[in-house]
Amino acid sequence: MKLLGRLIVRLVAVAIAVSLATFSLLSAAPGDPAAAKAGFAATPERVEEIRSELGLNDPFHVRYADWVTGVVQGDFGTSVLNEQPASKLIGDAMPHTVELMILAQVIALAVSIPAGIYSAQRPNGWFDRLTGAMSFGMLATPAFVLGIYLAFIFAVRLEWLPAVATDLPGPFDDPVENLRQLILPALTLAAGMIAIYVRLLRTDLIETLQQDFVLMAQSRGYSRRRVLWRHAFRPSAFSLLTAAGLATAGLLGGALIAETLFAVPGMGRLAVTAIFTEDYDVVMGVVLLLSLAFVIANFIVDALYAVLDPRVRHGNR
Amino acid sequence: MATVETNAAPIPEAKSFAPERPKMGVVFWTSVSWILLVIAAAVLADLLPLRDPDALGIRTGEIQRFESPGVNAWFGGDGQGRDLFAQIVHGARPAMVLSAAVTLIGGSLGVLIGVVAGYVRGRTDAVIMGIAEIMFAFPAIVLLFAVGAIWGITMAILIPVMAVLAVPSYARIVRGVTIAVAERDFVDAARAMGASQSRVVIKELLPLVALPAIAFGFLGFGLVIATEGALAFLGLGLEQRTWGSLIAGGQGLIREAPHLALIPATAMFLTIMAFNYVGDGVRELIDPRPIVVGRKRRADGPRPTTASASDALLSIRDLRTSFPTPGGVVTAVDGVSLDVRTGRTLGVVGESGSGKTMLLRSITGAFPVVGVQREGRVVVDGTDLLSASPASRSAMLGNEIGVISQNPLSALNPVRTVGSQLVEVMRVHRAISKAAARARAIELLEQVGIPRPGRRVDMYPHQLSGGMQQRVTIAIALANEPRLLLADEPTTALDVTIQDQILRLLASLGDEYNMAVVLVTHDLSVVRGWADDVAVMYGGQIVESGPTSAVFGDPQHRYTQALLESTPRLDLPIHSRLAAIEGQPPSLVAPPAGCRFADRCAGADERCRSEVPVLERLGSVEFRCWHPGQGEAR
Amino acid sequence: MAGTGSAHLRTGDDIVLRVRDLVVEFPAGKGQVVHAVSGVSVDVAQGETLGVVGESGCGKTTLGRAVMRLQDARSGSVEFRDHELTGLEGSELARKRRDMQMIFQDPVSSLNPRRRVRDLVREGLEIWGSQPGPFTDARVEEIMEAVGLGGEGVGERRPHEFSGGQCQRICIARALVMDPEVLILDEPVSALDVSVQAQILNLLEDLKADFGLTMVFVSHDLAVVRNVSDRVMVMYLGKVCEVADTQPLFDTPAHPYTRALLASIPGHELGLSDASTLISGELPSPIEPPSGCRFRTRCPLATNRCAVEEPELREVAVGQFVACHYA
Ligand SMILES: Nc1ncnc2c1ncn2[C@@H]1O[C@H](COP(=O)(O)OP(=O)(O)OP(=O)(O)O)[C@@H](O)[C@H]1O
Ligand code: SF4
Ligand code: SF4
Ligand SMILES: [Mg+2]
């Protein structure tokens with residue numbers, strides 16, 4: 001489990017770097033939070049008082065340490081919006097974003113695994129060429145452009161689905177309505193990933209299918225299905241796994257877009273609103289959590305990789 | 001001896017000057033044209049005879065509010081009757097300026113850093129890549145968004161920030177390429193000639209790194225366009241009018257005037273697509289592959305019709321195996337007939353590309369290429385594998401027929417234990433409990449000479465040495481006690497002493513199980529030492545076959561003679577001159593009309609070049625040569 | 001010292017290259033090292049071809065690269081014509097190294113795929129052209145002709161248009177342009193088919209005569225080495241087992257490992273008795289090589305003494321040096 005130790009060290013290092021960067025970025029922001037908090041009519045003395053109350057006069061590292069200590073204890077500071085704790089706003093928004101991302105990943109994998117496998121079996125066949133062209137198109141479509149197309153077709157023209165998810169019910173309260181509202185944003189997010197996954201799986205699988213051990217499995221009289229699933233698929237699934245980890249970054253950025261476009265009350269939308277209201281505690285919290293989510297996703301991928309691939313487990317690769 | 005014979009399809013030599021690069025298709029050139037068009041729009045927007053993009057059409061009466069696209073205004077008008085076409089043309093500039101600046105600055109920095117990291121390696125590399133990894137952890141759009149919200153979005157802010165964000169991607173790609181390139185021997189060769197470090201980087205590395213970097217630059221260019229659009233969409237656009245701001249403005253009006261969002265969105269989509277496509281095209285330039293130029297058409301010659309030897313366990317008749325390649329249809333096995341009886345070992349020798357491996361694959365039907373066509377008959381123990389039902393074929397493979405391949409590591413599934421692979425082959429073919437199969441697996445490992453089989457059975461292939469791996473593949477091949485064993489270069493990847501051990505093992509197992517064995521190899525000495533009979537292949541055909549001692553003792557075919565004479569031997573004087581065979585093996589796409597060896601044969605005449613030699617028999621040896629037996633006996 | 005010693009080193013003016021106690025190690029992580037070359041001494045006389053044989057991983061390639069200074073040695077010395085090469089750096093090293101050139105195993109990977117054949121062959125000219133020496137375009141043409149690359153338009157083509165054998169000719173031409181005295185060939189024909197292999201071997205013999213070359217020929221193929229070499233060194237796990245003139249080495253091999261190697265060649269009757277030549281097991285790890293004689297874990301003659309005492313090279317017959325207690 002040396003490997004696990006290494007991964008954890010890396011996780012912590014990246015987390016520190018990310019939080020430090022986020023914090024310094026936002027403390028460099030123009031505007032005076034103390035003045036903002038004190039309100040228009042406050043005297044300079046009052047502002048100064050609030051400033052020391054907020055610890056804004058402390059040196060950078062002290063403020064950073066305070067902030068981190070707070071964050072670790074679940075205290076993300078206070079939102080300018082009704083003086084609510086930032087953690088509450090974030091906590092309310094998070095489940096929607098998490099659900100959206102999971103939905104998007106599931107859609108992406110559910111579409112791309114069969115499509116990739118089918119393409120790989122007949123390289124350059126009509127299906128392969130079709131998925132190839134479609135992937136290429138999808139990769140060239142920015143999320144917000146795709147979102148607009150989808151909204152136009154399914155909400156405006158066909159009127160099958162709602163264009164906004166403003167009053168999103170919980171997935172367990174009203175699963176049907178929840179899905180109806182989230183399906184367009186999820187598709188918007190999933191499209192880019194589908195494109196990447198399909199091509200990756202296809203290329204990888206074509207290569208694996210030509211490898212000796214697959215040919216040997218065939219020449220031992222194994223059924224097509226056994227050769228595909230027991231021999232060829234697993235090694236190819238590794239690259240898919242890596243791609244899924246890396247795609248999380250795109251997914252986080254995409255969530256910003258999709259949530260804004262379809263008015264999903266998630267973290268992305270929260271961040272957008274917070275930025276325009278100069279609600280820096282909330283912004284910092286969201287940016288930190290999003291970055292950490294990415295780091296953790298990749299951590300999980302690396303760990304899974306080690307579990308699944310004996311060559312990594314034994315440090316041979 | 002380790003002629004590296006790839007298992008992949010033999011790609012025939014290019015016989016004439018190969019075109020340098022793949023042909024770029026229509027879509028590529030359309031994409032290039034589109035990019036040029038957009039660039040022209042960006043540069044010339046002010047000079048073009050367009051309406052003023054800011055002129056309010058509802059005032060002048062020229063364009064209606066939300067006018068639909070039409071003859072008057074091609075792309076329609078917005079809420080104030082401004083001309084959308086003019087707006088789009090003018091909006092091209094900021095995106096192009098931004099993308100160009102970001103790509104150039106970020107790209108060159110990234111290339112520089114990547115080359116250094118990849119060439120210097122060591123600590124520098126570790127530090128650079130560590131920083132890059134942390135930068136990757138930031139979702140770029142979130143960061144940009146935060147930066148934009150705090151300082152506002154202007155070119156002066158966006159260009160440096162996006163360029164910095166782009167650096168790690170370029171650095172990573174370039175580093176990967178650099179490492180791969182720097183490992184190649186030509187870098188050492190240059191150093192050996194006294195080239196300085198800077199010369200190595202500039203002359204040897206950069207040219208090879210440039211193309212992938214440029215290809216990636218095109219993709220990156222598209223990405224910048226998309227990112228700027230996304231920012232504008234989030235309300236953090238540049239102060240200039242851009243496609244992104246047009247889309248953002250139109251988005252809220254999607255019910256009233258869908259064209260306001262959809263047309264700029266489509267313009268953006270097409271542009272990004274064009275950049276991606278060109279990037280992809282550039283990437284294809286990276287590996288210039290020879291394009292095979294075909295030669296004369298092949299004239300059909302008489303095929304040998306050997307009397308069927310009914311006691312043969314494996315009997316191949318007129319086998320012809322072909323598959324399509326970019327250079328034409330390759331006929332890798334062309335009219336091969338052979339028999340192997342139980343208890344005998346047939347050695348198949350030939351140079352790389354002569355069709356040996358394809359011959360074996362034609363028996364099992366497992367090919368690394370698609371679209372393979374097989375004709376003829378491959379009869380094993382009375383069943384023709386080519387016409388048999390898939391079920392009966394599957395029942396024979398791995399069961400009555402065992403297979404061993406050249407590279408033992410790649411022949412074993414890397415992610416499954418040795419034991420599970422052994423158990424699998426038993427349980428697929430016969431009703432046997434898991435426990436019994438495992439017990440038998442350990443027994444088999446012991447039998448093929450693996451020490452401590454009880455422990456090894458739970459190991460993964462990469463934990464074993466090459467020799468041990470090959471023993472495992474032999475154990476798998478023998479698990480169901482086959483009657484026919486097909487071995488493709490079973491010892492080529494191994495050292496001589498290990499080769500000796502493996503060949504001894506094969507011979508003793510062959511006796512023990514009373515198998516018919518086909519041993520494919522390029523190594524004449526392996527055949528000489530271990531095969532009862534030999535078949536010499538050249539250009540997809542068997543040119544000579546018979547008992548090993550007879551064929552090697554008194555070769556009839558000129559190719560067999562030349563092959564024997566070109567091999568260094570231990571019983572000739574030191575520094576003896578070898579009889580090299582000049583020239584190259586024939587193309588398998590369009591083989592020569594007559595004897596396939598004619599181009600390289602010292603004894604070739606007109607007849608050799610035009611007529612396919614008929615099969616002749618001399619004693620127990622069969623061959624196809626018009627002028628046989630004129631070499632010295634070896 | 002194991003399979004070490006320098007009894008076999010010769011004196012005389014005609015010794016071009018002399019390697020003494022060369023040690024090359026690679027870090028293997030966790031403070032461990034791969035003992036790739038462990039105290040090898042050898043010399044090569046003017047006009048001689050030294051064959052170096054041994055199984056994969058025995059350090060043949062590393063030896064060649066260390067002699068070329070493409071690889072730094074941990075200790076030991078490499079002398080070229082009585083000039084010490086170890087310790088030289090920068091342009092001085094570059095100039096000295098010019099007199100030795102190396103040919104690599106994989107001819108395709110040895111050629112930069114982006115460059116034209118003529119530019120590849122002219123590379124030495126580009127680097128050294130401004131300095132005094134034999135660097136002229138006429139010489140490039142002459143050498144291309146000599147290696148069989150003469151002919152219209154050949155120089156304008158790129159490496160991928162050539163077969164492996166032709167690529168190896170290009171590599172040889174490129175090295176010859178430097179006008180080297182010593183050519184180090186690392187498995188120059190291993191990647192080639194038998195028929196092409198013969199072409200290259202013949203070419204090398206011709207060039208050796210025409211250009212007065214001295215060669216170090218590294219290969220695992222005993223038959224090939226026997227055919228081209230005047231003197232042969234057998235290596236095992238970073239050590240020298242036996243050094244002798246080619247004829248005695250192949251006719252009366254004295255070291256158990258040499259005998260085993262020869263007996264492993266299929267289809268060849270050497271009259272070596274099976275029991276003494278059949279070696280068991282596999283190569284031990286070069287990270288923790290066996291104590292004493294490194295061959296002892298596989299040697300049919302090994303005794304306790306072999307585990308504790310390292311054999312030194314000693315002369316068992318005229319010109320035949322063996323590192324074995326019982327040879
Ligand atoms: N760059 C390197 N880093 C670490 N170990 C190395 C390196 N190069 C070689 N080795 C190790 O040094 C030992 C000797 O290797 P070397 O390549 O010299 O052997 P060789 O006799 O040329 O083998 P082959 O016949 O396979 O070419 C081997 O154990 C090898 O794994
Ligand atoms: S048929 Fe003619 S060309 Fe062919 S091998 Fe015999 S002599 Fe040579
Ligand atoms: S007998 Fe002893 S010294 Fe000689 S080779 Fe064998 S182990 Fe080494
Ligand atoms: Mg080597």
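This is a predicted model: local features need pLDDT of at least 70, side-chain atom pairs count only at pLDDT 80 or more; totals for chains, interfaces and linings use all residues.
Chain A and chain C, by contrast, are joined by no contact, and their closest C-alpha atoms lie 11 Å apart.

Turning to ligand 1, one finds 13 residues around it, the closest being C:S56, C:G57, C:K60, C:T61 and C:T62. Two elements of chain C, strand 2 (33-45) and helix 1 (60-67), each supply at least two residues of this shell, and helix 1 of chain C gives the largest share, with three residues. When the shell around ligand 1 is sorted by class, five residues are nonpolar, five are polar and three are charged.

Several oxygen atoms of the protein or its backbone groups can then be considered at the level of single atoms. A polar side-chain atom of C:T62 lies 2.3 Å from an oxygen atom of ligand 1, while an N or O atom in the side chain of C:S56 is 2.7 Å from an oxygen atom of this ligand. For C:G59 the backbone takes part, with an N or O atom 3.0 Å from an oxygen atom of ligand 1. Taken alone, ligand 1 exposes 630 Å², and the protein buries 63% of that area.

Ligand 3 is likewise surrounded by 13 residues, and the closest of them are C:C293, C:C299, C:C306, C:C324 and C:H325. The shell around ligand 3 is made up of 10 nonpolar residues, two polar residues and one charged residue.

Definitions and conventions
Residues are numbered from 1 along each chain as its sequence is written. Chains are lettered from A and ligands numbered from 1 in the order in which they are written. Side-chain values use heavy atoms; hydrogens and water are left out. A residue is near a molecule or strand if one of its heavy atoms lies within 4 Å of it. Ala, Val, Leu, Ile, Met, Phe, Trp, Tyr, Cys and Pro count as nonpolar, Asp, Glu, Lys and Arg as charged, and the others, Gly among them, as polar. Contact means heavy atoms within 4.5 Å. A polar contact is a pair of N or O atoms within 3.5 Å; within protein, one must be able to donate a hydrogen and the other to accept it, and residues adjacent in sequence count only if both atoms are side-chain atoms. Accessible areas come from the Shrake-Rupley method with a 1.4 Å probe; for residues, only the protein chains shown count as cover. Helices (H or I, at least four residues) and strands (E, at least two) are DSSP runs, numbered from the N terminus.
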